[in-house]
Each structure stands twice: as structure tokens, then as C-alpha cells.
Amino acid sequence: NLSKRLKTVADYIPEGAVLADIGSDHAYLPCYALLNGLAASAVAGEVVEGPYQSAKKQVKKSGLEDVISVRLGSGLEVIEPNEVTCITIAGMGGALIEKILDAGKEKLQGVQRLILQPNIHAHHIREWLLQNGWELVNEEILEEDGKIYEILVGERGDAKAPYQDVSLETGLLVGPHLMRKQSSTFIKKWSQEKEHYKRILENISKATESEENSRKMQELTRMIAMLEEA
Ligand code: SAM
């Protein structure tokens, strides 16, 4: 039974896609995509031997060896340019996902859609998409087992378009689509963050005055203002 998080990622796989799932671990996502007719074939990439073996096992057990190729390697190293049409990268930090995309830029040839699910720091990915000509076409936010996850969907296009009616800095931090949708999970996540920053700000304001502290207070005040806007 696939998690709600990975099911939501799978919802964005375009019909007939040739998929690459990077950091696939147990390969649940590509197996689900193939078993449900969401993709035509897939590559499951893993950099660590243990998860690579468990991906191979799962693919074999599902009888999908002819349509899912399990490969050992880092990031987009496991695919050739023009080999896949859709890439999923889920369950890692935003900074690592950004690093994987940036290091594998030449492998993105032929890719039409990126579906990215950072566990934290999604803003790294939004910045990378904006700087590299990928339009953030949709975003999801969901809660599962007490954790909040974001999913970012990118396609080649007008990278600036999603930010036209929001302030760029705030849009990059919280997500322009999520900001427009104002779901209860979105409000929960950022209200919690805002309270967290407010508490830190209060503690620093009680501490001895210093240049370092006044710089931190300025930064926190700026973050809180952005979150109020969001
Ligand atoms: N994608 C699955 C999911 O969302 O449930 C598994 C997430 S798991 C927490 C992260 C996986 O990414 C690990 O199995 C790890 O070995 C793999 N990983 C980390 N860095 C990687 C890289 N540079 N290239 C490929 N896989 C990587």
C-alpha cells in the first residue's frame, strides 16, 4: 500500500511517461506507476547498495523486470540524455534535490516534467527551477503521519510566470501556487513556522545587545513579515 505522499507524486506522472525515479529506495513509486498503467517504462536509480538491492528485489517480486531498469549510481548519472520524459525525486532535502538536478543538467534533455518532493527546504528547488527555465506549474502540500510534505511540479516554460502576482521572495519561500490555494495544511505549516520565529525573536530581544543579535533580529523580523503576507 503506497503512502499518500508517494501516491500524490504518482498523480502527476503524465500518461505514457518514461519515468526515472531517482533515490528510489524500495522502488515502490515506479512499481506502483507501472502496475497502474501510469508509465510505459521506468528507471529506478539508487546510489546506495542496500536500497539498490531492495529496489531490485521489489521489481522482481512485482514481475516488472522487463519494464523497470534498476540502476546503481548517483543522481541523474543513471540515465542518458533523451532517455526519459519524466523524473521523480522524493523523500530527500530540498538542497540535495537541487544538487542532483544541477549536477545532471545535460541529462534533462527530453524531460518534459519534473515531480519533486522535498522533505524540507523546498525553496532551494523553486530557486533552481526559476534560474534554469523550468516553470513551476503546480504544487501540493499534504500531511501524513504528523509530517507535512510539499510536492513541486515543473515543466519547461515561462519560469517567472508563477510569481507574477506574488512577491518573489515570499513566493520562493512558501510556493506561489500553495500561497494562492491557502489550504489548511499550508496555513498550519507556516503559522507554526511563524510562531517558532517569533519565539526566537523574543529570546534574542531579551539577550545582551550585540551586532550579531541585531542582525539576527532583522532577519527574523523580515521572515515573520513574509509569513504574515503568505
Ligand atoms: N524516494 C523514496 C521515497 O520517497 O519514499 C525513498 C526516499 S529515501 C528517504 C532517500 C533515498 O535517496 C535513499 O535510498 C538514498 O540512498 C537515496 N539517495 C540519496 N542521495 C542520492 C543520490 N545522489 N542519487 C541517488 N540516490 C540517492
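Strands in these legends are DSSP runs of E at least two residues long, and they are numbered from the N terminus. The model shown throughout is predicted.

View 1. In total 16 residues surround the ligand, and the closest are Gly23, Asp25, Val47, Ala90 and Gly91. Two or more residues of this shell come from each of two elements, β2 (39-46) and β4 (86-92). Sorted by class, the shell around the ligand holds eight nonpolar residues, six polar ones and two charged ones.

**View 2. The two domains of the protein chain.** The chain is divided into domain 1, which covers 4-162, and domain 2, which covers 186-229. Taken over C-alpha atoms, the centres of domain 1 and domain 2 are separated by 34 Å.

**View 3. Helix α8 packed against helix α9.** Helix α8 (residues 184-206) packs with helix α9 (residues 211-229) at an angle of about 155°, and their axes lie 9 Å apart. Because angles over 145 degrees count as roughly antiparallel, α8 and α9 are described as roughly antiparallel to each other. The crossing in which α8 passes α9 is left-handed. On the α8 side the contact involves Trp190, Glu193, Lys194, Tyr197, Lys198, Ile200, Leu201, Ile204 and Ser205, which meet Asn213, Lys216, Met217, Leu220, Thr221, Met223, Ile224 and Leu227 in α9. By class, the residues in the contact of α8 with α9 comprise 10 nonpolar, three polar and four charged.

**View 4. Helix α4 beside helix α5.** Helix α4 (residues 94-103) and helix α5 (residues 123-131) have axes 7 Å apart and pack at an angle of about 25°. Since angles under 35 degrees count as roughly parallel, α4 and α5 are roughly parallel to each other. From α4, the residues that make the contact are Gly94, Ala95, Ile97, Glu98, Leu101 and Asp102, while α5 supplies His123, His124, Ile125 and Trp128. The contact of α4 with α5 divides by class into five nonpolar, three polar and two charged residues.

**View 5. Helix α1 crossing helix α2.** The axes of helix α1 (residues 4-11) and helix α2 (residues 28-35) come within 10 Å of each other, and they cross at roughly 50°. This angle makes α1 oblique to α2. The crossing in which α1 passes α2 is right-handed. Leu6, Val9 and Ala10 of α1 make the contact together with Tyr28, Leu29, Tyr32 and Ala33 of α2. By class, the contact of α1 with α2 has seven nonpolar residues, with no polar and no charged residues.

Note on methods: Residues are numbered from 1 along each chain as its sequence is written. This is a predicted model: local features need pLDDT of at least 70, side-chain atom pairs count only at pLDDT 80 or more; totals for chains, interfaces and linings use all residues. A residue is near a molecule or strand if its C-beta atom, placed from the backbone, lies within 6 Å of it. Helices (H or I, at least four residues) and strands (E, at least two) are DSSP runs, numbered from the N terminus. Ala, Val, Leu, Ile, Met, Phe, Trp, Tyr, Cys and Pro count as nonpolar, Asp, Glu, Lys and Arg as charged, and the others, Gly among them, as polar. Domain bounds come from an automatic or database domain assignment. Axes are lines fitted to C-alpha atoms, for helices over the stretch in contact, and angles run from 0 to 180 degrees between N-to-C directions. Angles under 35 degrees count as roughly parallel, over 145 as roughly antiparallel, 65 to 115 as roughly perpendicular and the rest as oblique. A crossing is left-handed if the near helix is turned anticlockwise from the far one by less than a right angle, and right-handed if clockwise. Two residues are in contact if their C-beta atoms, placed from the backbone, lie within 7 Å.
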